[in-house]
Amino acid sequence: MAETIDIRPGFADPVTASQKVFRAVLDAMSRPGRIGAIDATIEPPAPLAVGAAALLLALADHDTPIWLAPEIRNPATSAFLRFHCGSPLTDSLEDAAFAVSTGDCLPALDRFGAGDDAWPETSTTVIVQVDELAGDQGLSLTGPGIETEHRLAVTGLRDGVWSEWTANGALFPRGVDLVLVADRRIAALPRTTAVRTED
């Protein structure tokens, strides 16, 4: 007999909640590295973080394929996103409009779709679940949306990501964008943001 999956509720008020999440994402993208909060009263199935789930519920639809990392994709998370977003789940990183991974198992950034020069917006937005985000320390961020320099510390991200990020920036206008999520906290890194490590 097939296993019954209890699909967790989505937004209680989808229109209002989606608007609030969308504004939070826009603010994060326009102010790279600044830590914001997702105000959403949802309890998505583990191991999908509240912030990641809220972003997908607000931004994804039936036209936006989602790739879930193996450590996140299970019957409960798959059913939750299919039911609430209507999005197809894809096994192709390159074809995904949105991708969700944990920081320690994040695939190489050049495996995701980078878009093309005519349609750079068709690249993948990569949502990365990390352990912690903190300001005023760690990475040095510069670029559009940052007056001089901004600092951001990210805990729970595998080695090598920032050298890949530099290569990603060289693809402009192509390239992926990152949204880092620690539970309900988010920080965005558009492809135009340059990252320098402390080393």
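This briefing walks through the sheets, helices and a few well-covered residues of the structure above. It's a predicted model, so local features need pLDDT of at least 70 and side-chain atom pairs count only at pLDDT 80 or more, while totals for chains, interfaces and linings use all residues. Residues are numbered from 1 along each chain as its sequence is written, and side-chain values use heavy atoms, with hydrogens and water left out. Helices (H or I, at least four residues) and strands (E, at least two) are DSSP runs, numbered from the N terminus.

**The six-stranded sheet**

- Six strands line up as β1-β8-β7-β4-β3-β2 in an open sheet with mixed pairing; two strands count as paired if DSSP finds at least two bridges between them.
- The edges belong to β1 (36-37) and β2, and each has a single partner strand, so one side of each is left without a neighbour in the sheet.
- From β2, the pairing with β3 is parallel and runs over three bridges, with I66 standing opposite F98 in β3.
- β3 also pairs with β4, in the parallel sense and over five bridges; here A99 stands opposite V126 in β4.
- On to β7 (residues 177-182): this strand and β4 pair in the parallel sense over five bridges, and V128 has L180 in β7 as its bridge partner.

**A closer look at β4**

- How many of the residues of β4 are buried? Five of its five are, so to speak, under cover, where buried means under 20% relative accessible area, exposed over 50% and partly exposed in between (1.4 Å probe, protein chains only).
- In a regular strand the side chains alternate between the two faces of the sheet.
- In β4, T125, I127 and Q129 point one way while V126 and V128 point the other way, and all are buried.

**The three-stranded sheet**

- Another open sheet has three strands in the order β6-β5-β9, with antiparallel pairing.
- β6 (150-155) and β9 (194-196) stand at its edges with a single partner strand each, so one side of each is left without a neighbour in the sheet.
- The twist in this sheet averages 60° from one strand to the next; axes are lines fitted to C-alpha atoms, for helices over the stretch in contact, and angles run from 0 to 180 degrees between N-to-C directions.
- Strand β5 (residues 132-142) pairs with β9 in the antiparallel sense over three bridges, and L141 has V195 in β9 as its bridge partner.
- T193 lies in the loop between β8 (185-189) and β9, and T193 counts as buried at 3% relative accessibility.
- Leaving aside residues up to four places away in sequence, T193 touches P32, L141, T142, I146 and W165; contact means heavy atoms within 4.5 Å.

**Helix α2 and its neighbours**

- α2 (residues 50-59) is mostly covered, with eight of its 10 residues buried: V50, G51, A52, A53, A54, L55, L56 and L57.
- Those buried residues pack against α1 (14-30), β2, α3, β3, β4 and β7.
- Two packed helices are described by the angle between their axes and the distance between the axes.
- With α3 (residues 75-85), α2 packs at an angle of about 30°, the axes being 9 Å apart.
- That makes α2 and α3 roughly parallel to each other; angles under 35 degrees count as roughly parallel, over 145 as roughly antiparallel, 65 to 115 as roughly perpendicular and the rest as oblique.
- On the α2 side, A53, L56 and L57 meet F80, L81, H84 and C85 in α3.
- α1 and α2 pack at about 110°, with their axes 9 Å apart, and are therefore roughly perpendicular to each other.
- S18, V21, F22 and V25 of α1 make this contact with A54, L55, L57, A58 and L59 of α2.

**One aromatic pair**

- The structure holds one aromatic pair; rings of Phe, Tyr and Trp (its six-membered ring) pair if their centres lie within 6.5 Å, and planes under 30 degrees apart count as stacked, over 60 as edge-to-face and the rest as tilted.
- The partners are W67 and F112, with ring centres 6.0 Å apart and planes at 75°, so the pair is edge-to-face.
- W67 lies in β2 (residues 66-68) and F112 in the loop between β3 (98-102) and β4 (125-129), so the pair ties together parts that are 45 residues apart in sequence.
- Buried or exposed? W67 counts as buried at 8% relative accessibility, and F112 is buried too, with a relative accessible area of 4%.
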